[in-house]
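I opened this model to look up a few local features. My notes follow in the order I made them.

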Amino acid sequence: MSPPLLLIVSGMPASGKSTLGARLARALSVPFVTKDEYKALLLARLPGLERAVSGPLSFDLMWHVAGVTLAAGVCTVLESHFYHGVSETHILKLAQAHGARVAQVFCHAPLTVLQARHDARVASGRRPSIDLPMDYATLPDHCCWTPLDLGDAPCLTVETTGEDALPGVLAWLARLPRGLGGVERE
């Protein structure tokens, strides 16, 4: 049995990573573990939970669930707006603890597109406690402007404003050493 693949889908908020990550997980028939789902659950049950608590707690839940799936030997797609200098340690420890291989798909789009997508999310009001107004031009360097530094883990950069990226990402995954490691594709 080959080691499970921990597929990290990274990028800035509104870069298309949640959409691509969910589609990848469906195509590969593997779990999609995403921080925003846990944050939404927490805030639905505890609406007064402060951001200083809900953010770190939702990350803790995400790391835990990914550990559960990897411990079962199940390849996992892990998606969030990761932070440089913080998230890499969690990801690499998680992979090491469960003997998982790591690969990263980094989603990006031009700054104006990111800002417009985010502004549309905020205006929709669909996730009022998650999608808060922000000015991308003022976001700090530790945000995921570039791929995470995951050592020698393969990384594919995907522009999300063009054609459907899913077929290209699936083809890239199939070419990785040990391929998809038993993961079935649609």
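I began with the largest pocket of this predicted model. I count 32 residues in the lining of the largest pocket. Nearest its centre I find Pro-13, Arg-51, His-81, Tyr-83 and Met-134. I noted a volume of about 560 Å³ for the largest pocket.

Which helix gives the most to the lining of the largest pocket? I find that α3 does, with four residues. I also listed the helices that each supply at least two lining residues: α1 (17–28), α2 (35–45), α3 and α5 (111–124).

Next I stayed with α3, which spans residues 51–71 and holds Leu-61. I looked at the surface there. Val-53, Leu-57 and Leu-61 form a nonpolar patch. I read about 190 Å² of accessible area for the three together. For Leu-61 I noted a relative accessible area of 30%.

Then I turned to Ser-10. I place Ser-10 in strand β1, residues 5–11. Is Ser-10 buried or exposed? I call Ser-10 buried because its relative accessible area is 0%, and buried means under 20%.

What is Ser-10 in contact with, leaving aside its neighbours within four places in sequence? I listed Lys-17, Ser-80, Phe-82 and Gln-104 among them. The list also includes Val-105, Phe-106 and Cys-107. Cys-144 and Leu-148 are in contact with Ser-10 as well.

Note on methods: Residues are numbered from 1 along each chain as its sequence is written. This is a predicted model: local features need pLDDT of at least 70, side-chain atom pairs count only at pLDDT 80 or more; totals for chains, interfaces and linings use all residues. Side-chain values use heavy atoms; hydrogens and water are left out. Patches are made of residues with over 30% relative accessible area and no salt bridge: like charges are joined within 9 Å, nonpolar side chains (Val, Leu, Ile, Met, Phe, Trp, Tyr) within 5 Å. Accessible areas come from the Shrake-Rupley method with a 1.4 Å probe; for residues, only the protein chains shown count as cover. A salt bridge is a side-chain nitrogen of Lys or Arg within 4 Å of a carboxyl oxygen of Asp or Glu. Buried means under 20% relative accessible area, exposed over 50%, partly exposed in between (1.4 Å probe, protein chains only). Contact means heavy atoms within 4.5 Å. On a 1 Å grid over the protein atoms alone, a cavity is a set of points where a 1.4 Å probe fits but cannot get out, and a pocket is an open set with protein on both sides within 12 Å along at least five of seven lines; lining residues have an atom within 4 Å of a point. Grid points are joined across faces, edges and corners, and a volume is the space filled by probe spheres set on the points.
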